[in-house]
Amino acid sequence: MSESPFDERVETFLTPRDWLRYGVGRFLSADLAFGHGATTALDEAAFLILEGLGLPIDMLDPFLDARLLRHERIRLCELIEARVTTRKPAAYLVNRVYIKGVPFYVDERVIVPRSLIGELVMTAFAEDNALIGDPGNIASVLDLCTGGGSLAILAARVFPNARIEALDLSPGALEVAARNLEEHGLRDRIALKQGDLFAPVEGARFDLILTNPPYVDAATIADFPPEYAAEPTLAHAGGADGLDIVRRILSEAPKHLTASGTLICEVGGGGPLLELEFPHLPFVWLDTEDTSGEVFLLRAGDFGLAKPRAKGQR
């Protein structure tokens with residue numbers, strides 16, 4: 001790093017509290033977009049400071065007034081400036097993201113994982129309840145469109161007896177997933193396969209299918225801020241209305257569910273369109289801490305009721 005532009009800040013901002021104040025102000029003045037693990041300038045600055053210093057991700061307060069070493073101050077200055085000048089998601093700058101406290105490696109080969117299903121797996125699905133029953137009775141799980149493998153890894157933590165397969169079309173994404181499996185010691189429990197949707201598991205059936213497929217419509221992608229445009233387009237693009245891949249999943253999933261199997265799928269804001277197109281599918285919409293109506297649940301027996309409307313039919 002060329003030190004001249006940084007000298008004054010590095011010599012003046014001595015504590016994490018100083019850098020937190022500076023980072024928040026810098027991010028707000030640059031009008032950054034958030035949403036890749038942090039939703040505000042304050043949370044984003046705190047994340048970069050903690051991760052940049054190698055501190056526990058949920059323990060900023062005890063360290064706020066600690067005196068930082070010079071190389072630590074340089075590191076924080078570099079991260080804050082990189083976030084502003086590159087407009088990359090913070091997770092790419094530190095190659096780390098967390099879902100319910102579980103860490104994952106991430107880089108530009110994959111979307112920054114932030115699936116609502118991850119929250120559900122770690123909360124609602126982790127207990128015996130009416131949604132999926134006893135987690136110990138789940139014998140097979142498919143993570144469709146796995147990206148960096150986060151949902152498969154979370155599933156391995158919650159469903160101790162499950163055979164788990166994770167699929168993705170992108171070879172680069174599967175390389176990231178393989179690294180995450182290695183970091184979590186799960187190479188023997190999760191099988192990674194490359195291919196288009198269900199093609200790599202033709203003939204196989206699963207008790208639980210989890211999928212966070214691409215579901216962003218073309219107009220939204222064209223208007224992406226730089227942070228979202230930095231992610232692989234393949235991981236976002238769901239066609240003109242965002243639901244092309246979801247429709248394929250609804251068409252093919254029945255052949256890959258056991259008789260008592262369950263499909264859990266994230267669709268963002270596409271719920272109303274799906275309900276219009278598939279009026280006889282009894283979608284169950286699952287709420288998370290901050291969202292409602294963005295993840296649906298369907299059971300194997302529900303698909304016998306499905307009669308999709310013809311295009312243009314109301």
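**Helix packing, a loop residue and the cysteines**

Let me begin with two helices: the axes of H2, residues 16–29, and H4, residues 70–86, approach within 10 Å and cross at roughly 15°. Please bear in mind that this is a predicted model. Angles under 35 degrees count as roughly parallel, and H2 and H4 are therefore roughly parallel to each other. Their crossing is right-handed.

Which residues make the contact? From H2 they are Trp19, Tyr22, Gly23, Arg26 and Phe27, and from H4 they are Arg73, Leu76, Cys77, Ile80, Glu81, Arg83 and Val84.

Next, the loop. Arg67 lies between helix H3, residues 41–53, and H4. Is Arg67 buried or exposed? Its relative accessible area is 64%, so Arg67 is exposed. Between the C-alpha atoms of Arg67 and Pro214 the separation is 44 Å, and these two residues are 147 residues apart along the chain.

How many disulfides does the structure hold? The number is zero. Consider Cys145: its closest cysteine sulfur belongs to Cys265, at 8.4 Å, which is too far for a bond, because a disulfide requires the two sulfur atoms to be within 2.5 Å. Cys145 is partly exposed, with a relative accessible area of 21%. Cys77, one of the H4 residues in the contact with H2, is buried, and its relative accessible area is 0%.

Conventions. Residues are numbered from 1 along each chain as its sequence is written. This is a predicted model: local features need pLDDT of at least 70, side-chain atom pairs count only at pLDDT 80 or more; totals for chains, interfaces and linings use all residues. Side-chain values use heavy atoms; hydrogens and water are left out. Axes are lines fitted to C-alpha atoms, for helices over the stretch in contact, and angles run from 0 to 180 degrees between N-to-C directions. Helices (H or I, at least four residues) and strands (E, at least two) are DSSP runs, numbered from the N terminus. Angles under 35 degrees count as roughly parallel, over 145 as roughly antiparallel, 65 to 115 as roughly perpendicular and the rest as oblique. A crossing is left-handed if the near helix is turned anticlockwise from the far one by less than a right angle, and right-handed if clockwise. Contact means heavy atoms within 4.5 Å. Buried means under 20% relative accessible area, exposed over 50%, partly exposed in between (1.4 Å probe, protein chains only).
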